[in-house]
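Below is a brief report on packing and backbone geometry. Have the coordinates open while reading.

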Amino acid sequence: MKRTFVVLAPLVLAMGSLACQQLPMPLGQGVMVEPGQTLEARNPSDVVVAPVQVAVDGLLVPTEDLRRSIVRGLIKRRYAPLSLEFVDEAGRIGAEGVAEASYRPGTLNEEVVCQLIVHDWNSGLWETRRAFEVDLELRMIDASNPMGAPLWVGRLPGRFNYGDQETAFATEGAHFRGALDQLVAELLAVMPARETRPDLQ
C-alpha cells in the first residue's frame, strides 16, 4: 500500500500543477468577422496580395514585412498567392494598394485580391516591450466583382506580446519577422482555409 502511494503521489502533484497553469488562448479569438462571408463557398485558390494600406498618416508600419507575412500565412491556409515580385513588376497595383486605371482585378488570373488595411500600429512597443499594439483589417475581394461585397472581412485590434520568445530566434530581425508571422496567423486563424479535396479541384 505504501509503495502504491509513493508511485502515485508525484503523478498527482504533477497533474495538480498542470491544472493551475493557464491554457494558451486559441488563435483568432480576438478577430471580429463581418457577417455574410462567402469565401468558404467560393473556395478560391490564386490570390494577389496587394500592398498594405496605412489608413492613418504618420504611422510607422513595416508594410513590406507584413505583406510577406501575409503570403506565408495564406500558404499555410492552402491558398496560392502570386509572387509579389510578379505582381509589382506587372504594375497592376498602385503603391498604396489602390487599383490603378490600368489595373483590372482578374487580369493576372487571380481569383481573389487580399488587402490588409492598418488602422493603428504602435511602433514604439517593439523596441521597449517586444510587443505590437495594432488594429488590422483584412479583406478578401472577389477579383471578378471587386465593387461587390468582399468574400471575407476580419478585423483584429489589440496588443500582442512576443518578448518571451526572444531566445528562440538567432537575431532580432528573425524575432521581428517571426512575431509578424504570428500576428498575421492570429488574423488568418478564423478565415476559412482552402479546401483541396480532389472533387474541388
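## A buried strand residue

Leu156 has a relative accessible area of 0%, under the 20% cut-off, so Leu156 is buried. The model is predicted. Leu156 sits in strand S7, which spans residues 152-161.

What does Leu156 touch beyond four places in sequence? Its partners are Gly30, Val31, Val134, Asp135, Leu136, Leu183, Glu186 and Leu187. The C-alpha atoms of Leu156 and Val184 are separated by 9.6 Å. Along the chain, Leu156 and Val184 are 28 residues apart.

## The nonpolar cores

The largest nonpolar core holds 36 residues. Within this core, Leu74, Trp121 and Phe132 touch the most other members. Elements giving two or more residues to it are S2, H3, strand S5 (112-121), S6, S7 and H6. H6 supplies the largest share, seven residues. In soluble globular proteins, nonpolar side chains tend to be buried together.

Trp121 has contacts with Leu59, Leu60, Val61, Pro62, Leu66, Phe132, Glu133, Val134, Leu136, Leu180 and Leu183, leaving aside residues up to four places away in sequence. There is also a second, separate core of seven residues. Val48, Leu82, Val87 and Val113 are among them.

## Helix H3 against helix H6

How do the axes of H3 and H6 cross? Helix H3 covers residues 63-76, and helix H6 covers residues 172-188. Their axes come within 9 Å and cross at roughly 55 degrees. The crossing is right-handed.

On the H3 side, the contact uses Asp65, Leu66, Ser69, Ile70, Arg72, Gly73 and Leu74. On the H6 side, it uses Phe176, Arg177, Leu180, Asp181, Val184 and Leu188. By class, this contact has seven nonpolar, two polar and four charged residues.

## Positive phi in two loops

Most residues other than glycine have a negative phi. Asn43 is not a glycine, yet its phi is positive, about 50 degrees. Asn43 lies in the loop between helix H2 (39-42) and strand S2 (46-49). Its relative accessibility is 15%, so Asn43 counts as buried.

Arg130 also has a positive phi, near 55 degrees, in a residue other than glycine. The loop between helix H5 (124-129) and strand S6 (131-142) holds Arg130. Is Arg130 buried or exposed? Arg130 is buried, because its relative accessible area is 13%.

Technical notes: Residues are numbered from 1 along each chain as its sequence is written. This is a predicted model: local features need pLDDT of at least 70, side-chain atom pairs count only at pLDDT 80 or more; totals for chains, interfaces and linings use all residues. Side-chain values use heavy atoms; hydrogens and water are left out. Axes are lines fitted to C-alpha atoms, for helices over the stretch in contact, and angles run from 0 to 180 degrees between N-to-C directions. Helices (H or I, at least four residues) and strands (E, at least two) are DSSP runs, numbered from the N terminus. A crossing is left-handed if the near helix is turned anticlockwise from the far one by less than a right angle, and right-handed if clockwise. Contact means heavy atoms within 4.5 Å. Ala, Val, Leu, Ile, Met, Phe, Trp, Tyr, Cys and Pro count as nonpolar, Asp, Glu, Lys and Arg as charged, and the others, Gly among them, as polar. Buried means under 20% relative accessible area, exposed over 50%, partly exposed in between (1.4 Å probe, protein chains only). A nonpolar core is a set of buried Ala, Val, Leu, Ile, Met, Phe, Trp, Tyr and Cys residues joined through side-chain atoms within 4.5 Å.
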